[in-house]
Amino acid sequence: MTLFLRLEHAALAFAALVAFHISGGSWWLFAALILVPDLSMAGYLGGPRVGAWCYNAVHTWLSPAALWLIALAAGAPLLAQIAIILAAHIAIDRALGYGLKRESGFQDTHLGRIGRVKDDRSAS
């Protein structure tokens, strides 16, 4: 993964935090729910294929987008705030290098192997 992608997701995380503030959400709610999406890692108890599917189903950008649209249609501000928390979680994960998982194992993501930062200047 490039440094640029990490910075891009850090900016998205910041935007989600601003959106949550503007929404009037409780920061206690934010603190209580920010790590809840990681419960999807329990899917790895069923093996790497099931684990990757469970993790990716929660950590794709489609999840907060769909949840937010449902919240708008239902006129449910709390649900919209939960969608923003999920978006913040995903953005923070991606800024830290945690991408969508591959079936080969938790460490292998669509952004590369977890823990490695590649700068665009070092790519050949």
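At what angle do helix α3 and helix α5 pack, and how far apart are their axes? The two helices, residues 48-59 and residues 77-95, pack at about 120° with their axes 10 Å apart. This is a predicted model, in which local features need pLDDT of at least 70, side-chain atom pairs count only at pLDDT 80 or more, and totals for chains, interfaces and linings use all residues. Residues are numbered from 1 along each chain as its sequence is written, and side-chain values use heavy atoms, with hydrogens and water left out.

**Packing of α3 and α5**
- Axes are lines fitted to C-alpha atoms, for helices over the stretch in contact, and angles run from 0 to 180 degrees between N-to-C directions.
- Helices here are DSSP runs (H or I, at least four residues), numbered from the N terminus.
- On the α3 side, Tyr55, Val58 and His59 make the contact (heavy atoms within 4.5 Å); on the α5 side, Leu86, His89, Ile90, Asp93 and Arg94 do.
- By class, four of these residues are nonpolar, two polar and two charged; Ala, Val, Leu, Ile, Met, Phe, Trp, Tyr, Cys and Pro count as nonpolar, Asp, Glu, Lys and Arg as charged, and the others, Gly among them, as polar.

- α5 has 19 residues and reaches 27 Å from its first C-alpha to its last, close to the 27 Å expected at 1.5 Å a residue (1.5 Å times one less than the number of residues).
- Of the 19 residues of α5, 14 are buried, so the helix is largely enclosed by the rest of the structure; buried means under 20% relative accessible area, exposed over 50%, and partly exposed in between (1.4 Å probe, protein chains only).
- Ile90 lies in α5 and counts as buried because its relative accessibility is 1%.
- Not counting residues up to four places away in sequence, Ile90 touches Val58, His59, Thr60, Trp61 and Pro64.
- Gly97 follows α5 and has a positive phi, near 100°.

**Helix α4 and Leu67**
- Leu67 lies in helix α4, residues 62-74, and is partly exposed at 22% relative accessibility.
- Leaving aside neighbours within four places in sequence, Leu67 is in contact with Leu79, Ile82 and Ala83.
- Leu67 and Ile82 are 15 residues apart in sequence and 8.2 Å apart in space, C-alpha to C-alpha.

**Aromatic rings**
- The structure holds three aromatic pairs (rings of Phe, Tyr and Trp, the last by its six-membered ring, with centres within 6.5 Å; planes under 30 degrees apart count as stacked, over 60 as edge-to-face and the rest as tilted).
- One of them, Phe20 with Trp27, is edge-to-face, at 4.9 Å centre to centre and 65° between the planes.
- Phe20 is buried at 0% relative accessibility, whereas Trp27 is partly exposed at 41%.
- Ring pairs link Phe20, Trp27 and Phe30 into a cluster.
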